[in-house]
Each structure stands twice: as structure tokens, then as C-alpha cells.
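Look over the sequence and the model, then read on.

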Amino acid sequence: MTDAPILEAKALCKSYGLVQVLHDVELSIAPGESRVVIGPNGAGKTTLFKCLSGEVPSDKGVISLEGREITGLRGWRRVQMGIGRTFQVARIFPEMTARENMTVAVEMRDRLARGTARRLFSLAPAAELRAEVDELMSELDLAAAADRPARILAHGDKKRLELAMSLALRPTLVMLDEPTAGMSPADRADAVAMIARLRDTHGLTLLLTEHDMEVVFGLATRLTVLHQGRIIADGAPADVRADPNVREVYLGHD
Ligand SMILES: Nc1ncnc2c1ncn2[C@@H]1O[C@H](COP(=O)(O)OP(=O)(O)OP(=O)(O)O)[C@@H](O)[C@H]1O
């Protein structure tokens, strides 16, 4: 692991109207880290993700990806540069089958790489792309759901499909916004094991938000605590867990 950060945010600020949601947020994520951002509801975690991924513009501050400034870049450019993202509610194409969803993602990655993204999609990609779709679907336990419309998939299948689609874009950093939200405890444990396995096999750096403490401490190599839009702690999970200030505003409520 080198010390040069994959993702860095400096003095990041964001307001919605008159309400300032992020105050001078500083974040530095090293390659191979699994960083989990925790904090009470409304702390600004999703807003931070949106600013980092380019879904909303930040008002002030600088964001860099592998040393290159990305602050003003649109979301799709950041995806192209290696940021993958999943959402609290899975964003998939509901009327297409799981396999068609995957095909769109794999084809898009291939077309962006070859500069042919504007051509019409046929959903009949080359054999090697079809093989890649099959491989990713079986890696994420989606083979049985492949030919079902995405809208009727079970909750966990939808979340895994969205994750598989983001992996199809071959990201270096994957941002997961509450990846186990709405799951049963058993499904949560499976999701943690799968995320850890994917991280290791694909060599991913992870940035997550999560409320479930078993998930947090099961995945985090480093924790950042956000409270009212400010970072109040950042460090090794055991140190953050023991921090009296963190216990006061968040962890002590468990
Ligand atoms: N589009 C928006 N317009 C106005 N205010 C917003 C908007 N999005 C979020 N907010 C406000 O910004 C604050 C931070 O919200 P955000 O969703 O980032 O918090 P969070 O830490 O992700 O919360 P949760 O854990 O509940 O998902 C909240 O007070 C929220 O009401």
C-alpha cells in the first residue's frame, strides 16, 4: 500500500440554500483502504458522497482522484476515471432483465474505452463481453436471476445487481451508500462477506456509509465520523470506537 491517496477532498463545503450541510470536510483515502463514514441521520454522509461522485457540485474545496483534480468534472467523467458508486435505493433499469442491465454496463465500459459510446445499443455484444457479463453475474450470485426483469428481483438481488453493474465499469474506488440498508441480519452477513471478497479479488478501494455496526466493524480498515457536516473523528476503528466524543454523538446511542 503506498501513501499517495486515491481520493482526496480538501476543505469541502456544500450548502442547500441557506443550510450548510458540509463544513470544510477533509478526507484522504489510501489505496486498498476500506473507509467507512459513519454519523447520525442528517450528518451529511450522502451529501458528501454526492459531492465526491459529482452528482451535485460542491461550493468550495478541492477533490482529487489519484492526484488529478476532479472538482469541476461531471459525474460520468469521474466514473470513466475510476469511481464506481451504488445508492441507498438500487439504481437499475427496472423493465430490463438482470442480464440486460449487466450487458448495458459492460457495453458502456467497452464503448467509453473505444470512444463509441454514442452509437445505439444492440444488447448483443461481442462474445468476450457476453462472457464477462456471465462471469460477473455468477461471481455476484446473480446467475439464477439473470433472465428475470430487474423490477421483480428480491431486494438483495437488486443491490447485488447494482454492485455488479458498477464493477463492470472496472472502478478503482467503489463508493457504497448503505449497502446493507433494508436487509435481514443473515443477508447483511452475506453481503459483508461478498463485499470483502470482491474487494480482495478486484483489488478495490472502498468508501462506504453504513448504520449497522456489525457491517461497519466487519469491513472498515479506517473510520471517519461526520456530525452536523463536520468530521469529528478519523482513524483506526478501535480508536474511533473508544473516542468519548464519538460515543456521545453517535455510537453511545446503540
Ligand atoms: N436536496 C436537498 N435539499 C435540501 N436539503 C437537503 C438536500 N439533501 C439533503 N439535505 C439536507 O442535508 C442534510 C444532510 O443530509 P444527508 O442525506 O447528506 O445526510 P446523511 O448523513 O446521509 O443522512 P442518513 O443517514 O439519514 O442517510 C440533512 O439535513 C438533509 O435534510
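Two strands pair if DSSP finds at least two bridges between them. Helices (H or I, at least four residues) and strands (E, at least two) are DSSP runs, numbered from the N terminus. The model is predicted: local features need pLDDT of at least 70, side-chain atom pairs count only at pLDDT 80 or more, and totals for chains, interfaces and linings use all residues. Residue numbers start from 1 along each chain as its sequence is written.

**Overall build**
- The chain holds 9 helices and 10 strands.
- Its radius of gyration, taken over C-alpha atoms, is 18 Å, close to the 18 Å that the globule rule gives for 254 residues, so the chain is as compact as a globular protein of that length. That rule is 2.2 Å times the number of residues to the power 0.38.
- The C-alpha trace spans about 55 × 40 × 40 Å along its principal axes.
- Of the 254 residues, 43% count as buried (20 or more other C-beta atoms within 10 Å of the residue's own, with C-beta atoms placed from the backbone).

- Four strands make an open sheet in the order 2-1-4-5, with antiparallel pairing.
- Strand 2 and strand 5 (68-69) are the edges, and each pairs on one side only.
- Strand 1 (residues 7-16) and strand 2 (residues 19-29) run antiparallel and are joined by 7 bridges. Here Lys-14 stands opposite Leu-22.
- The hairpin of these two strands has 2 residues between them, and Gly-17 takes a positive phi near 60°.
- Strand 4 (residues 60-65) pairs with strand 5 over 2 bridges, also in the antiparallel sense. Leu-65 faces Arg-68 across this pair.

**Ligand shell**
- The shell is Tyr-16, Val-21, Gly-39, Asn-41, Gly-42, Ala-43, Gly-44, Lys-45, Thr-46 and Thr-47.
- Helix 1 (residues 45-53) supplies the largest share, 3 residues.
- The shell divides into 3 nonpolar, 6 polar and 1 charged residues, with Gly counted as polar.

- Beyond its neighbours within four places in sequence, Ala-164 is in contact (C-beta atoms within 7 Å) with Met-102, Leu-136, Met-137, Leu-140 and Leu-142.

Methods
Near = placed C-beta within 6 Å. Buried ≥ 20, exposed ≤ 12 C-beta atoms within 10 Å, placed from the backbone. Contact = placed C-beta atoms within 7 Å.
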